[in-house]
Amino acid sequence: MTDEAFVNDPAILERLQRKMTVPLYRDLDFALTAAGEGWAEITLHVTPRLYNPNGVLHGSMWTMIADSAMAAAIHTMIEPAEMSATMQLDIRWLRPAPGDHLRVVGRVLRRGRRAWHTTAELFDVEIGRAHV
């Protein structure tokens, strides 16, 4: 990561990797690859089985990794026994992602008493271009 605000913390990353052990993530070649307080990064290896009928990554896959990255970002700031749930999710696609590897960075924008505001950006790893 080029942004100085994103400092990878191996202890946070290891804790998240243990907590976010979901069989579906393994099945999809989905990996939590970096994290620090208030942010988390997930990568996805894109294969043809994840394409929509137009031959590009299905929007539901984008949504899943974005939602997971934002949840992981929250989990960097709460106690291990605490849980989170998505209340609302809004996605704007800028363009299709043509690459084989995607990277999504979720981060906490604001922590409220009962609701958190988060954001996620998805990038094509090969060209570093944002897609959402």
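Residues are numbered from 1 along each chain as its sequence is written, and side-chain values rest on heavy atoms, with hydrogens and water left out. Because the model is predicted, local features need pLDDT of at least 70 and side-chain atom pairs count only at pLDDT 80 or more, while totals for chains, interfaces and linings use all residues.

Around Phe30, contacts (heavy atoms within 4.5 Å) beyond four places in sequence are made with Tyr25, Ile42, Thr43, Leu44, Met64, Ile65 and Ser68. Ser68 is itself a residue of helix H3 and is buried at a relative accessible area of 6%, where buried means under 20%, exposed over 50% and partly exposed in between, with a 1.4 Å probe and protein chains only. A polar atom of the Ser68 side chain lies 2.9 Å from the backbone oxygen of Met64. Apart from neighbours within four places in sequence, Ser68 is in contact with Met20, Tyr25, Phe30 and Ile42.

Next comes the pocket. A pocket is found on a 1 Å grid over the protein atoms alone, as an open set of points where a 1.4 Å probe fits, with protein on both sides within 12 Å along at least five of seven lines; lining residues have an atom within 4 Å of a point. The largest pocket has a volume of about 890 Å³, taken as the space filled by probe spheres set on the points, which are joined across faces, edges and corners. Of its 37 lining residues, Ile74, Ala85, Thr86, Trp116 and Thr118 are the closest to the centre. H3, E3 and E4 are the elements that give two or more residues to this lining, and H3 gives the most, with 9 residues.

His75 also lies in helix H3 and is buried, with a relative accessible area of 9%. The side chains of His75 and Ser84 are joined by a polar contact of 3.0 Å, a polar contact being a pair of N or O atoms within 3.5 Å; within protein, one must be able to donate a hydrogen and the other to accept it, and residues adjacent in sequence count only if both atoms are side-chain atoms. Not counting residues up to four places away in sequence, His75 touches Arg15, Leu16, Lys19, Glu82, Met83 and Ser84.

Two loop residues complete the picture. Asp29, in the loop between helix H2 (23–27) and E1, has a phi near 60°, a positive value in a residue other than glycine; Asp29 is partly exposed at 45% relative accessibility. Arg92, in the loop between H3 and E3, is exposed at 56% relative accessibility. A polar contact of 2.8 Å joins the side chains of Arg92 and Asp90.

Definitions and conventions. Helix = DSSP H or I, 4+ residues; strand = E, 2+ residues; numbered from the N terminus.
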